[in-house]
Amino acid sequence: MTFDNNNTLLGIIMRKTFLLYILMLSSAMLTAQTKKEVFSLWHDGAPTSNEITAEESGNEQFVVNVTKPVLTVYLPEQPKGLAVIACPGGSYCQVWQGTEGHNMAEWYTSQGIVYAVLKYRLPNAHKEVPLDDVHEAMRIMKEHQNEYGFTMLGIQGCSAGGHLAATAATHHENEAQRFDFQILFYPVISFDPAFTHTPSRENLIGKNAAADIVEKYCNEKQVTRDTPPAFIAASSDDGLVPVRNSIEYYNALVANGVSASMHLYPTGGHGWFGNTNFHYANVWKEELRLWLEQLIAK
């Protein structure tokens, strides 16, 4: 009797088991190739508190009730001089660290760029808290600048994380706090009630914030000639964060003589950063790659 592995159920199972083993091995090798370091912020205590007492919870994709911020740094084999701190979105009440953070680590490091994902503390209407975490993450990155092999450090953000990134880009109080460039995806920019994202606004500054506080966190109104160059990408049909946020910010940058590159896609809605099925997924990555390439060439 002939036993044909190619046509029996056992043969099929054996082949599938072998393929699964190869996939697992490839994944393990890929993870091993991407060196990363993890830092807990504020060992001596943060300067501000969000007064959240509930326990942090969530999963690899998103977390809530963040009170202990963490910076995860992914290191390329051959650094080309750039580093990015990524601030995931989540309406300032969640941190979508998986789909708007860690998922791009391989892409960035393959470009020779140091890529750091910041799980920042959620504000709970304590507006200074997230920005304090960004500045501490920035300090840690600059402390390892020579070791990591970069000379320019940028800030990236998606949605509410885009508001945090734009705040960091426009509210620096000295040269040590100034980022060299900013990357924003479908960002919340303004707290103008005509086109803001209300949950993000209320979670950061509260429901009854004074007019001067609202004005301060309308980042399109805080742009100066010293604001760092920007890459902005959004979709015209975004039903959650109106595309006007991106447009107003772009116009403010141009009006102040700041280099800005804006890419608007007709479809896609909101939150497509981690969506490989997004029709323009390859397009925005290539546009970003070319823009970063220009920074590297400077």
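The crossing of helices H3 and H5 is right-handed, a label used when the near helix is turned clockwise from the far one by less than a right angle, with anticlockwise giving left-handed. This is a predicted model, in which local features need pLDDT of at least 70 and side-chain atom pairs count only at pLDDT 80 or more, while totals for chains, interfaces and linings use all residues. Residues are numbered from 1 along each chain as its sequence is written, and side-chain values use heavy atoms, with hydrogens and water left out.

**The H3 and H5 pair**

- Helix H3 covers residues 128-143 and helix H5 covers residues 160-170; they pack at an angle of about 65°, with their axes 10 Å apart. Here the axes are lines fitted to C-alpha atoms, for helices over the stretch in contact, and angles run from 0 to 180 degrees between N-to-C directions.
- That angle makes H3 roughly perpendicular to H5. The word applies from 65 to 115 degrees, while under 35 degrees counts as roughly parallel, over 145 as roughly antiparallel and the rest as oblique.
- On the H3 side, Pro130, Leu131 and Val134 meet Leu164, Thr167 and Ala168 of H5. Contact means heavy atoms within 4.5 Å.
- The residues of this contact divide into five nonpolar, one polar and no charged. In this scheme Ala, Val, Leu, Ile, Met, Phe, Trp, Tyr, Cys and Pro count as nonpolar, Asp, Glu, Lys and Arg as charged, and the others, Gly among them, as polar.

**How H5 is covered**

- H5 is mostly covered, with eleven of its eleven residues buried. Buried means under 20% relative accessible area, exposed means over 50%, and partly exposed lies in between (1.4 Å probe, protein chains only).
- Among the buried residues of H5 are Gly161, Gly162, His163 and Thr170.
- The buried residues of H5 pack against H3, helix H6 (198-205) and helix H8 (244-255), and also against strands S5 (81-87), S7 (150-158) and S8 (181-185).

**The chain as a whole**

- The chain has nine helices and ten strands. Helices (H or I, at least four residues) and strands (E, at least two) are DSSP runs, numbered from the N terminus.
- Buried residues make up 50% of the 298 residues in the chain.
- Of the contacts between residues at least 6 apart in sequence, 79% join residues at least 24 apart.

- Ile232 lies in strand S9 (residues 230-235), and at 0% relative accessibility Ile232 counts as buried.
- Beyond residues up to four places away in sequence, Ile232 touches Leu184, Pro187, Ser246, Tyr249, Tyr250, Leu253, Ser261, Met262 and His263.
- Ala260 is 28 residues from Ile232 along the chain, and their C-alpha atoms are separated by 7.6 Å.
- Cys218 sits in the loop between helix H7 (211-216) and S9, and Cys218 is buried at 2% relative accessibility.
- Leaving aside neighbours within four places in sequence, Cys218 is in contact with Ile189, Ser190, Phe191 and Asp192.
- Cys218 and Arg201 are 17 residues apart in sequence, and 9.8 Å apart in space from C-alpha to C-alpha.

- Asn124 is partly exposed, with a relative accessible area of 40%, and Ala125 is partly exposed at 39%.
- His126 is partly exposed too, at 22%. Leaving aside neighbours within four places in sequence, His126 is in contact with Ser49, Asn50, Glu51 and Leu204.
- Gly206 is 80 residues from His126 in sequence and 8.1 Å from it in space, C-alpha to C-alpha.

**An exposed histidine**

- His279 has its place in the loop between strand S10 (260-265) and helix H9 (281-297), and His279 is exposed, with a relative accessible area of 65%.
- His279 and Gly268 are eleven residues apart in sequence, with 7.2 Å between their C-alpha atoms.
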